[in-house]
Amino acid sequence: MNLRLLAQKSLKSRRSTAILTIVSIAVSVLLLLGVEKIRVNAQSSFANTISGTDLIVGARSGSIQLLLYSVFRIGNATNNISWSSYQDIAQQKGVKWTIPISLGDSHRGFRVMGTSRDYFSVYQYGEKRNLEFASGIQFEGVFDAVIGSEVAASLNYAIGDQVIIAHGTGSASFAQHKDKPFVISGILQHTGTPVDRTVHVSLAGIEAMHVNWQGAVKKRKASKALTESNLQPESITAFLVGLDSKIVSFKMQRYINNYAAEPLLAIFPGIALHELWSLMSVAENALLIISLFVVVAALTGMLAVSLAGLNERRREVAILRSVGASHWHIMGLLVTETVLLTLTGILLGLILLYSSIWIAQPIIEQNYGLFIPVTAPNIRELTMVCMLLVTSFMVGLVPAYCAYKNSLADGMSIRS
């Protein structure tokens, strides 16, 4: 007796109930694997934001806060670092390179970052990948700007367009530096990191904006010419450090954390990222638990439908018994039906999942900076699918056992 063909014909005769059961399982699979893919790719995206940087230095606060505002452009610093302290640390033995960062301004919702030209040559992301230009060059003049790929795409900017920088980090600001517009000199290649959503200018450009600016809290005195030589900053927000050797990392961190001139904090990016992800693990687990409850609800619904229809199928079971089917054949039939429903639901769920990723991929990347690739299920996802199949097999044993107890005489009897 071919149980698979028999189960298919039986399900076909009850197609409405079978389709609803398959759809409920498909939705639960979509949610369960969707949450897992977002979790994995979000973690990967965070981890690939910065690489090749040994230390991040900022005003003394928390390591996660320093990481968020210096790398992810989220939040603000509690204090700035004096330029003299930055220069002193940059000249210490063992320091290979440093990248100063100055934050606090924005352009139409995108963060503006003042930095040095070294940023474009030594900053790395992903697997130690360097920044590349899609068009144009790095800033040369005081009022040149280099924008990320997302800034260019969202605002439809091209080389030579003007950029008006606003004071503060809000999407709307009335305190704009309209008297000193910047000109786009370069557009960076897409990186999938916060670099794509950043407007980069020189430190001298940040200082030049505030020369004789009426809206500034503290105006900088005007000089004869706005050149880099006379626009040295008084302070910066943070800076990145690359060392000659990993061996001196802890020694340099201890030196900076005990810096006498002002309170500073030096963190390892990898450790801070791990702390950040540990903090977010509560939300991850909550989403995973919700997804599991949806799966349990789908399986419970399938069990309820099977048990509810079992009484109506007494005659079907009795006929099968009368033509030679044993109790074990009946049990196998009901278990096979359950597994077939689950397997079909899983396949439909995978189709819905990858279709949704393919459709939503550019939208998620543009709005949240998170790239979710269309990749084959990983080991964890396959384990979830296998556990779902095993659970469905166990669920199918319940109605199968109930059918096992039904006798042939009970099945042939007419119930009023």
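## Starting point: R117 and E140

Let's begin with R117, which is partly exposed at a relative accessible area of 28%. Its salt-bridge partner is E140, and the closest N and O atoms of this pair are 3.9 Å apart. E140 is also partly exposed, with a relative accessible area of 44%. Please keep in mind that this is a predicted model.

The two residues sit in loops: R117 in the one between β4 (110-115) and α5 (119-122), and E140 in the one between β7 (133-136) and β8 (144-147). The pair is 23 residues apart and links distant parts of the chain.

Seven salt bridges are found in the structure. One of the pairs is R380 with E36, where the closest N and O atoms lie 2.9 Å apart. Here the link runs from helix α12 (residues 379-405), which holds R380, to helix α2 (residues 15-47), which holds E36, across 344 residues.

R380, at 40% relative accessibility, falls into the partly exposed class.

## A bridge between loops

Another salt bridge brings together the side chains of D54 and K246, with an N to O distance of 2.4 Å. D54 belongs to the loop between α2 and β1 (55-59), while K246 belongs to the loop between β14 (238-243) and α8 (249-257), so the bridge ties together parts that are 192 residues apart in sequence.

The surroundings of the two ends are worth a look in your viewer. D54 is buried, with a relative accessible area of 7%, whereas K246 counts as exposed at 58% relative accessibility. K246 is placed in that class because its value is over 50%.

## The chain as a whole

The chain has 416 residues, and 46% of them count as buried. Its accessible surface comes to about 21000 Å², with 61% of that belonging to carbon and sulfur atoms.

The R380 and E36 pair, 344 residues apart, is one link between distant parts of the chain, and the D54 and K246 pair ties together parts 192 residues apart.

Technical notes. Residues numbered from 1 in each chain as written. Predicted model: local features only at pLDDT ≥ 70, side-chain atom pairs only at ≥ 80, totals over all residues. Heavy atoms only, no water. Salt bridge = Lys/Arg side-chain N within 4 Å of Asp/Glu carboxyl O. Helix = DSSP H or I, 4+ residues; strand = E, 2+ residues; numbered from the N terminus. Buried < 20%, exposed > 50% of the residue type's maximum accessible area, 1.4 Å probe, protein only. Areas by Shrake-Rupley, 256 points an atom, 1.4 Å probe, with all protein chains shown as cover.
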